[in-house]
Amino acid sequence: MSEQTPQPKPASEDPKYRYTAGLAADIEPKWQAYWAKNHTFEVPNHPADMSEPKAYILDMFPYPSGAGLHVGHPLGYIATDVLGRYKVMTGHHVLHTIGMDAFGLAAEQYAVEHGVHPRISTERNIARYREQIQRIGFGHDTRRGVSTIDVPFYKWTQWIFLQIFDSWYDQEADRARPIATLIAQFADGTRATPDGRAWDALSAQEQAAVVDSFRLAYIAEAPVNWCPGLGTVLSNEEVTADGRSERGNFPVFKRNLRQWMMRITEYADRLLSDLDRLDWPEPIKLQQRNWIGRSEGARVHFPVTAVDGSEKTIEIFTTRPDTLFGATYMVLAPEHDLVDSFVARAWPTGTKPAWTGGHATPAEAVAAYRAQAAAKTEVERQTEGRQKTGVFTGTFAVNPVNGEGVPVFIADYVLMGYGTGAIMAVPAHDQRDFEFARAFDLPMRIVVAPPADWPQDVAEWTQSYDSKTAQITDSANDEISLEGLPVPAAIRAISEWLQNKGIGEGTVTYRLRDWLFSRQRYWGEPFPIVYAVDGPDAGIARALPESMLPLELPEVDDFSPKTFEAGDVTSAPEPPLSRAADWVNVTLDLGDGPRQYRRETNTMPQWAGSCWYYLRYLSPDDDSRFVEAEAEKYWMGPRSAEDTGGVDLYVGGAEHAVLHLLYARFWHKVLFDLGHVTSAEPFRKLFNQGMIQGASYTDAREVYVPADQVEEIDGVFYYQGEKVTQHFGKIGKSLKNVVSPDEMIDEYSADTLRIYEMSLGPLDMSKPWDTRASIGSFRFLQRLWRNIVDEESGEVTVTGAEPDEATLRILHKTIDGTRNDMEGMRFNTAISKLIELNNHLTRLPAVPRAAAETLVVLTAPFAPHIAEELWSRLGHTDTVAHAAYPVADPAYLVDETVTCVVQVAGKVKDRLEVAPDIADEALRELALASEGVQRALEGRGVRTVIVRAPKLVNVVPA
RNA sequence: GUCCGAGUGGCGGAAUGGCAGACGCGCUAGCUUGAGGUGCUAGUGCCCGUUAAGGGUGUGGGGGUUCAAGUCCCCCCUCGGACACCA
């Protein structure tokens, strides 16, 4: 393999004052320094006049990995910068900055692998990111770019946690309120305690248990996702569809563990309904709606006799109460706590062999099935496909609509976490029940009339009939008949009947679960929570007072979590902080004298900081409040009764559709309810930028080869003479196709990178990266430069002459067109208009100053460095960043003549130059007389003539 | 499987229902230069027409609405993404 060292070109090759990478390397840092020195992009927390126009433009802040930025990362940052600079030039206060999301698993994993403290590696990564970002030349207010790991920042993350901890959701007021208001209700008797005793009669422990059951942040013993390979638990959102961790791809198991939870489910309805008020892409709204998963249905009580003879009720949830008459069996989740009470002593007569799982008694069968279900990982559940499994409990419940006995099963296709963890099975009209019934030889009953071409005998069906519109059949008792009703009407009728009879009621359930909020990791915010070691309140979670914040992470010898064999189900989490004995065991005075406490040793998940960082940008130095009230009101406050408020534009990838965006909305709503912010939503408008895809290449062994060393010959790709295959997809180290922004800046310029990224195509679509094509953007800048500066002498060559008519027209059309494109974030078409104007100026014998200056101003948001340099060379002493964006003169937007297209039968046959105000009749005559029409008609008559003066005439032949 | 999004030259893409392919890459030819990656000019959807004039054809496939469809409606195909036993 021969080493190819690029030969530096002799300096004499290019004219001295040509716009080259070398020249750009001089001017770009110069102007970056100028902006910093002159505070060009710094804005006050709020202006004296709160009505002045503003734009709060926000990027999803990056997670600084060790690999640094590649060219895909800055796409959104460049777009927001272009828009922000445009907004400044149209008279807005613009708040735009970038912070760092630096706590979390990936940073910690990296630190563990490289054997350094997470803070050291993270800060190194941040410095690298900042350096790369700086070179691109953003108009950021850098004073505001906070990092989530900064102690003054996470002090307020902890403070917000305590706000949530100290709140409950008041259903009557439909908002969160301080927990003290709840305690007051219990104390004065307006709210009854769960068991009806007086509040004072409850012990401290009992009172705490009651209050905790209302807190928005609470500890619960719940089935959680335990990931031994990472040594931590994960939220549902962090587990992939095939039951593995999103980070690291380790197996995940369901375990019952004591963990911190956030009661996000209280907000399910508002998180859902407020989506309608947001200016977000529909697909993202849809994903959130699906994730929240609101579903209306009914709860129905099925009586059952327990083994001890007592009468119990199995409560089921169904969206189809209209099919109650078709229920032929019931299923409970294996973990359902009622199961034990009615597992029969022996198999009843008539039990089919398939129902017993081969066990001698129901108790054995149930125990075996439960053990098997618990040992199963999510992965195994998936890989085993949808084979329905389960066992009979030996007991029959009673269908309340017809008094029939229905066998009760347990099966893992019913999930404990949804609805009531129990279902009535209607195999004829639900595909899952159908499959189970077929596997277990259970009867089916048709209660929704299928189309005529379905077999009469349900035994011949190959699938269930799940229509939600057809008519009900064969469904009546002495009191009610659903016969012939369409499904929706039947649902209403039976629901009312159930309600009146007291055997059920209409209800709403959600797919959304409470948010698992604790992690057994070192690199996160410590919980500001302690537990008394002894006394009547021993073990009760207690908030640290605000005066004790921030609670800093302790230094530890071993910050890595205890991880386990990836498949070790029996392992239990062991947080690294629990090993910091001096930190964990403390004596504090929390108002009742010095006492011994034990600190919470879990840390918060990565999402905590990203739930509110955009608020901290508004007043990063305020150490008395998490956000200055006036600043929040100015930048984020609602502008009308319907407006939710929030940042004006939030740009980022669609991969955060549910996780980050849902969590942040939840926190924001709590802060709103408690009166800490005036905006009801954090992000008024959301925009998802598309992914930049890179070409990667694999050789015959399917191994990736360095993309930058692949040659293309006649559409075939070669690496070191070997044929390789091209793929398009993500850019990444392992794919060997990383192009860094630094390489682009070294080879061309930051302005070239910016222009090229914005020219690629519409911002919201994914598009392939092609480094070679960026030469076009470079040429544009080079020609722009050449139109103003003599490449040999460096002299400015523009003339003082007035621009000619044609130049004025294209100039004003460009102004008009780019303005529209900027407002609509169509940066690709805005740039093509600038190129057209520039190409027009190139063809002139000399460039008029007025045209040159306008073009420089229009180009400034995209290529700010070259624009500043030209602006300065043109004699200006102020920054072009603050120049006013030009306004088009309407007089130049209409042409003296327009080209009229003349069609025959919809096909273009001629063109006419006509006055823009030509009358329909005159145009009609001109068109009919035209040569092209005469030739095309070939003597045929004319049936109709459509005239759309002045642009088009369509002649329809007879 | 369900739900979203997208299919236009060799490539990225452009087109209020009204001239399809703006702008850029690449390619071809010429110029320039101190011969070689980044200067300038012109041409460039495809087919027929030796040149030209001109004609035909063309936006994943099929049907429809319309004087007129890349654009609106219905069916299908392909690719990308999200979710996935949610009762």
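The domain assignment, which is automatic or taken from a database, divides chain A as follows.

| Domain of chain A | Residues |
|---|---|
| domain 1 | 12–148 + 608–688 |
| domain 2 | 295–509 |
| domain 3 | 693–729 |
| domain 4 | 748–892 |
| domain 5 | 898–957 |

The model is predicted, with local features needing pLDDT of at least 70 and side-chain atom pairs counting only at pLDDT 80 or more, whereas totals for chains, interfaces and linings use all residues. Residues are numbered from 1 along each chain as its sequence is written, chains are lettered from A and ligands numbered from 1 in the order in which they are written, and side-chain values use heavy atoms, with hydrogens and water left out.

The C-alpha centres of domain 1 and domain 4 are 26 Å apart, and the contact (heavy atoms within 4.5 Å) takes 39 residues from domain 1 and 46 residues from domain 4. Between these domains about 3800 Å² is buried, 67% of it from carbon and sulfur atoms; buried area is the accessible area (1.4 Å probe) that two parts lose on being put together, summed over both. On the side of domain 1, Tyr19, Tyr86 and Met89 lose the most area to domain 4, together 22% of what that side buries.

The two domains share 4 salt bridges, each a side-chain nitrogen of Lys or Arg within 4 Å of a carboxyl oxygen of Asp or Glu. The side chains of Lys30 and Glu869 form a salt bridge with an N to O distance of 2.8 Å.
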